[in-house]
Amino acid sequence: TVHELGFSVVRLPFSNEMLRVRMPTPGAVNFDLNPGLRGKTPLEILDEVVRELGRHRVAVILNNHTTLSQWVGGPDVNGIWCAEDRPVPWGRQTEDDWINDWVMLAMRYSQ
């Protein structure tokens with residue numbers, strides 16, 4: 001496990017988009033290795049990852065890595081925490097939306 005490798009904290013990236021969509025980005029989850037995640041929303045998958053890390057006594061630092069769900073490696077499509085100046089799949093990502101996302105996650109994982 002991550003804990004057995006000597007890690008006590010994991011920085012766990014997420015996107016604002018994954019808090020709103022019903023299906024993970026294609027290729028984001030290997031369902032052959034993780035069949036129990038099949039049919040879950042990206043937020044439910046995040047829940048499972050946080051739960052399992054906690055079970056192994058590994059602390060989680062959430063990292064709002066990007067607004068849109070995307071693989072790294074190429075140029076970042078948005079690279080900023082809000083997208084008020086351009087449309088996103090759910091309309092617009094305002095500063096208030098961004099703050100509300102953090103509040104929701106804080107409440108969700110403080111239980």
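Tutor: Let's begin with a term: a residue is buried under 20% relative accessible area, exposed over 50%, and partly exposed in between, using a 1.4 Å probe and protein chains only. At 24% relative accessibility, Lys-40 therefore counts as partly exposed. Before we go on, this is a predicted model, in which local features need pLDDT of at least 70 and side-chain atom pairs count only at pLDDT 80 or more, while totals for chains, interfaces and linings use all residues. Residues are numbered from 1 along each chain as its sequence is written, and side-chain values use heavy atoms, with hydrogens and water left out.

Student: Thanks! Where is Lys-40 found, and what is it in contact with?

Tutor: Helices (H or I, at least four residues) and strands (E, at least two) are DSSP runs, numbered from the N terminus. Lys-40 sits in the loop between β1 and α1. Contact means heavy atoms within 4.5 Å. Leaving aside neighbours within four places in sequence, Lys-40 is in contact with Arg-22, Pro-24, Ile-45 and Glu-48. The C-alpha atoms of Lys-40 and Pro-24 are separated by 8.3 Å, and these residues are 16 apart along the chain.

Student: Is Thr-41 buried or exposed?

Tutor: Thr-41 counts as buried, because its relative accessibility is 6%. This residue lies in the loop between β1 (9-15) and α1. Not counting residues up to four places away in sequence, Thr-41 touches Val-21 and Arg-22.

Student: How many helices and strands does the protein chain have?

Tutor: There are two helices and four strands in the protein chain. Along the sequence, their pattern reads β-α-β-β-β-α. Of the chain's 111 residues, 28% count as buried.

Student: How do I read a pair of packed helices?

Tutor: Two packed helices are described by the angle between their axes and the distance between the axes. Here axes are lines fitted to C-alpha atoms, for helices over the stretch in contact, and angles run from 0 to 180 degrees between N-to-C directions. In this model, the axes of α1 (residues 42-55) and α2 (residues 95-109) come within 12 Å and cross at roughly 45 degrees. That makes α1 oblique to α2; angles under 35 degrees count as roughly parallel, over 145 as roughly antiparallel, 65 to 115 as roughly perpendicular, and the rest as oblique.

Student: Which residues of α1 and α2 meet?

Tutor: From α1, Leu-43, Leu-46, Asp-47 and Val-50 meet Met-104, Leu-105, Arg-108 and Tyr-109 of α2. By class, this contact has six nonpolar, no polar and two charged residues. Ala, Val, Leu, Ile, Met, Phe, Trp, Tyr, Cys and Pro count as nonpolar, Asp, Glu, Lys and Arg as charged, and the others, Gly among them, as polar.

Student: What should I know about phi?

Tutor: Most residues other than glycine have a negative phi. Arg-57 has a positive phi of about 60 degrees although it is not a glycine. Its place is in the loop between α1 and β2 (59-66). Arg-57 is exposed, because its relative accessible area is 69%.

Student: And what is Val-58 in contact with?

Tutor: Val-58 also lies in the loop between α1 and β2, and its relative accessible area of 3% makes this residue buried. Leaving aside neighbours within four places in sequence, Val-58 is in contact with Val-2, His-3, Phe-7, Ser-8, Val-9, Val-10 and Leu-53. Val-58 and His-3 are 55 residues apart along the chain, with their C-alpha atoms separated by 6.3 Å.
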